[in-house]
Amino acid sequence: MRRRGFLGALLSHAVLLAGAVLMAAPFLWMLLTSIRPPEEVFGTVFNLIPTRFAGFENYAEALTSSNLPRAMLNGVIVCVGILAVQLLFAIPSAYALAKLKFRGREWLFGLVLFGLCVPIQVPALPLYLGLAQAGLLDTFFALMAPFALTVFGMFLFRQFFRGYPEEVLDAARLDGMGEFEIVWRLATPAALPAIAAFSIFSIVAHWNDLYWPLIVVTSAERSVPSLAILAFRDTETGGNYGALMAAAAITTAPLILGFFAARRAFLRGITMTGPR
Amino acid sequence: MPIERRPPAGITLRGITKRYGAATVLDGVSLDIRPGEFLTLVGPSGCGKSTLLRTIAGFEPQDEGEVAIGGRVVDALPPAARDVAMVFQSYALYPHMTVAGNIATPLEMRRLSLAERLPLLRLLSPRRPRIRREIMAEVEVVARQLDILKLLDRKPAQLSGGQRQRVALGRAMVRDPAAFLMDEPLSNLDARLRVQMRTELAELHQRLGATFVYVTHDQVEAMTMSDRVALMEAGRVLQLGTPAQLYDTPASIAVARFIGSPPINLLPATAQAHGVLQAEGLVLQADSTVPPGPVTLGIRPEALALAPEGAPGTLAVRLRRAENLGAEWLLHAETPAGVALTARVPATEPVPERFGFTVDPARLHLFGAEGQRIETRLGAMVAA
């Protein structure tokens, strides 16, 4: 019995390990390539471990030959800005959809669900035209505005708030809290795991987004990390794959660090264990 | 620093009606709750007692009728402005706040402005530290009264059920409200703690001298703690009175059935001409005319006594089960017609193999065909 348990554990770990390797392989490849000298990238002999460590030159190239630092800063501004506005609107909306009784609530929630089905590509053209008309292309506003309202966030938080005990809300109302104060002082702290999970989704999505920046950004001053990486594939820089992968590693690092920092809250958030 | 208490306020309900769609949950309820009294709303689940409490608090505005607290009509006021505190069944503590934070919240909401409650911005208020100190001093006074001083820094999740209950009480007490509303506050506690908290709540009521409106489905809680009890069923108050009045002179079968443990025995009987009542082997004489027809005799378990089997004027019964409660026996028996009777007899002597029941006619309740109480004096009439 014990032996079978051991074998079973061995097997399940082998499967999990294989999955993990499959997931991690591109990242490892990226890291290995980012320290590989150019002659080895295009060379005929393949070595898994680079024969010469070219990390310094590749990373230096990545940081200096393009506007990567500036793009990273822009990326931070855009992602934090989007997330802040998303939370500001999605949390009270979700609370209202989950806990307040008003006419048309179900209908509005239906619209939210409908919104979940609409990809960004659908409103991209009208948004672009509108921004162009307003003379707002190539601005932070243009980068952030389409994502300010997140139906995904509303949906996620609504499901979370639905489990919030009604009696606590009544107690708060009796103590004199208004609905907005209830949202920010009671519901939000309880929803921290959901907020952490949503934040990771949101930041990853907008940090990695190439589609929308490609449409609205034209100048180097408003470039974001995904666009900056693209620059390394330009014919002008000659397709330097070592530097390209170094840039990719640099832009991926904040996401990975962020995930590890919030890992526990993230898992709690997506498994949806609300407050008791 | 003793907290100066205001005089308690009375609550007047006039014709409160509440409907959910087609269902009428409250049907013209009128109640006069006196200042400082402990009034219990008791009844089976779904009788509207919790809805009535929530109507007083302002959570469920009534469709018709009027609520006045301390002589002031509060129908247009939101819950917070009604000056009542509520203790909830689940305690409803703020989960991420400490005990001290929980108890302080109602005071902070009243004494600090919105700006003074906001993060960062509140640091700008010069008067906030002083107010916070005053609030924390009052929180400590309440915590000392409830013996939870050591728990002030804990979070609700780290407390036992009884401790949470006290914190919920503290949060209500610190406001010094016009009245306390309690919605089944003991039902989440284990049996032993419930008995203990019953005593503590009754003592707390005496010490505070405040008006308590208490909702429960447990008639024992209603009988042991209250000054007066309002028994509700199907959205109406069936009877309002002291526990003794409800027990000794129930206005209807429904009241008689709900109050008392073990429950009252109901024996079908027939009223004949000249106020003669007949039920199984029992013949009784009423001192007033009782309309002839079917009636019901209500017999409390302690109004039955053991008698030799087959003695005249007794009820013939067959014992089904005897429960030894130590000082007394509970005898579950059945008449030949199949009516279950429970008797409570002193455990001074062993229960005989075969016996009958005699009934003390002065302690009988007579109910008419509609279940209404018929006020009469009954006397035994030994059958020939």
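Predicted model: local features only at pLDDT ≥ 70, side-chain atom pairs only at ≥ 80, totals over all residues.
Residues 71-95 of chain A are 100% helix and 0% strand, with the end C-alpha atoms of the span 35 Å apart. For the complex, the predictor gives an ipTM of 0.82 and a pTM of 0.81.

Chain B was examined for its overall organisation. Its mean pLDDT is 88, and 98% of its residues reach 70 or more. Chain B contains nine helices and 22 strands. Along the principal axes, its C-alpha atoms fill a box of roughly 95 × 45 × 35 Å. Of the 384 residues in chain B, 38% are buried. Among contacts in chain B with a separation of 6 or more, 64% link residues 24 or more positions apart.

The domain assignment divides chain B into domain 1, residues 11-253, and domain 2, residues 262-380. Taken over C-alpha atoms, the centres of domain 1 and domain 2 of chain B are separated by 41 Å. Contact between the two involves four residues of domain 1 of chain B and seven residues of domain 2 of chain B. On the domain 1 side of chain B, the residues that touch domain 2 comprise three nonpolar, one polar and no charged residues.

The interface between the chains brings 15 residues of chain B into contact with 14 residues of chain A. Helix 2 of chain B, residues 99-111, supplies the largest share of the chain B side, with four residues. By class, the chain B side that touches chain A consists of eleven nonpolar residues, three polar residues and one charged residue.

Helix 9 of chain A was considered in relation to both chains. This helix, residues 166-175, is largely enclosed by the rest of the structure, because seven of its ten residues are buried. The buried residues of helix 9 of chain A are A:V168, A:L169, A:A171, A:A172, A:R173, A:L174 and A:D175. Within chain A, these buried residues pack against helix 4 (68-99) and helix 10 (179-190). From chain B, their packing partners are helix 1 (49-57), strand 6 (84-87) and helix 2. Helix 9 of chain A is followed by A:G176, which has a positive phi near 105°.

Within chain B, B:D183 lies in strand 7, residues 179-183. B:D183 counts as buried because it has 23 C-beta neighbours inside 10 Å, the cut-off being 20 or more. Apart from its neighbours within four places in sequence, B:D183 is in contact with B:S50, B:L53, B:M86, B:F88, B:Q89 and B:V215. One of these contact partners, B:M86, is 97 residues from B:D183 in sequence, yet the two are 7.6 Å apart in space, C-alpha to C-alpha.

Strand 11 (residues 265-271) and strand 14 (residues 293-299) of chain B pair in the antiparallel sense over seven bridges. In this pairing, B:N265 stands opposite B:I299 of strand 14. Strand 14 of chain B also pairs with strand 21 (residues 364-367) of chain B, in the antiparallel sense and over four bridges. Here B:T296 is opposite B:F367 in strand 21 of chain B.

A further three strands of chain B form an open sheet in the order 15-20-16, with antiparallel pairing. Strand 15 (304-307) and strand 16 (315-316) of chain B stand at its edges, and because each has a single partner strand, one side of each is left without a neighbour in the sheet. Strand 16 of chain B is joined by two bridges to strand 20 (residues 356-359) of chain B, and the two run antiparallel. B:L315 has B:F357 in strand 20 of chain B as its bridge partner.

Terms used: Residues numbered from 1 in each chain as written. Chains lettered and ligands numbered in written order. Pairing = 2+ DSSP bridges. Nonpolar A, V, L, I, M, F, W, Y, C, P; charged D, E, K, R; others polar. Buried ≥ 20, exposed ≤ 12 C-beta atoms within 10 Å, placed from the backbone. pLDDT = per-residue confidence, 0-100. Domains from an automatic or database assignment.
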